[in-house]
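Here is a short report for a first look at a protein model. Keep the structure open beside the text as you read.

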Amino acid sequence: MAETREIICVTCPMGCTVQATVENGEVCDARGQACKRGVAFAREELLDPRRMLTATVALKGGVLRRSPVRSERPLPKAMLLRAAEVLRSVTLQAPVAQGQVVVADILGSGVDIIASRDIAAEVLS
Ligand code: SF4
């Protein structure tokens, strides 16, 4: 059975309201978008929603106590809570380099979790 849903395309600041109809696991109709990127957005949002994951993990020996991390690409939305659980058990050792892989292929998603910034090691006097 076909189902029509209304979503806001956030691909650009225009913010078009797209009415997308899904039938048999496919977007079969889309209206209201000003360009074809709105159809791609609706397809991903309705069939395979994804979000960036940002978090912090514990850090030892650094000038900060926690290190900000993020997914290198959006993760499947259904995976976010479990991925955050995994990060709760991670402890990095300073120094940390921006872009350093913190968890490779988290939960078999093909997406790495990477460090968001450089953090220097604490200088002990
Ligand atoms: S449909 Fe096109 S113009 Fe409208 S918000 Fe999406 S990207 Fe922007």
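## A strand and its neighbours

Glu 23 is found in strand β2. Helices (H or I, at least four residues) and strands (E, at least two) are DSSP runs, numbered from the N terminus. This is a predicted model: local features need pLDDT of at least 70, side-chain atom pairs count only at pLDDT 80 or more, and totals for chains, interfaces and linings use all residues. Residues are numbered from 1 along each chain as its sequence is written.

Is Glu 23 buried or exposed? Glu 23 is exposed, because it has 12 other C-beta atoms within 10 Å. The cut-offs are these: a residue is buried if 20 or more other C-beta atoms lie within 10 Å of its own, exposed if 12 or fewer, and partly exposed in between, with C-beta atoms placed from the backbone. Glu 23 touches Ala 2 and Cys 28, leaving aside residues up to four places away in sequence. Touching means contact: the C-beta atoms of the two residues, placed from the backbone, lie within 7 Å. Glu 23 and Glu 3 are 20 residues apart along the chain, and their C-alpha atoms are separated by 6.6 Å.

Strand β2 covers residues 17–23, and β3 covers 26–31. The two pair in the antiparallel sense over five bridges. Strands pair if DSSP finds at least two bridges between them. In this pairing, Val 22 stands opposite Val 27 in β3.

The hairpin has two residues between the strands. Asn 24 lies in that loop. Its phi is near 55°, a positive value in a residue other than glycine. Asn 24 counts as exposed, because it has 7 C-beta neighbours inside 10 Å.

Now look at Val 27, in strand β3. Val 27 counts as partly exposed, because it has 19 C-beta neighbours inside 10 Å. Among the residues it touches, beyond four places away in sequence, are Ala 20, Val 22, Val 39 and Leu 46. Val 27 and Glu 44 are 17 residues apart in sequence and 9.6 Å apart in space, C-alpha to C-alpha.

Which residues of helix α1 (residues 37–47) are buried? They are Gly 38, Phe 41 and Ala 42. These residues cover an arc of only 100° around the axis, so they sit on the same side of α1. The arc is that of the directions from the helix axis to the C-beta atoms. An α-helix has 3.6 residues a turn, so residues three or four places apart point the same way. The buried residues of α1 pack against β1 (3–8), β2 and β3.

The domain assignment gives domain 1 (3–48) and domain 2 (54–115). Such bounds come from an automatic or database domain assignment. The domain centres, taken over C-alpha atoms, are separated by 31 Å.

Strand β6 (residues 66–71) has side chains that alternate. Ser 67, Val 69 and Ser 71 point to one face and are buried.

| Pair | Sense | Bridges | Opposite residues |
|---|---|---|---|
| β5 (residues 54–60) and β6 | antiparallel | five | Thr 54 and Arg 70 |
| β6 and β10 | antiparallel | three | Ser 71 and Ile 113 |

The hairpin of β5 and β6 has five residues between the strands, and Gly 61 takes a positive phi near 75° there.

Two loops follow. Pro 95 is found between β8 (91–93) and β9 (101–103). The peptide bond from Ala 94 to Pro 95 is cis, with omega near 5°. Asp 105 is found in the loop between β9 and β10 (113–115). Its phi is near 50°, a positive value in a residue other than glycine.
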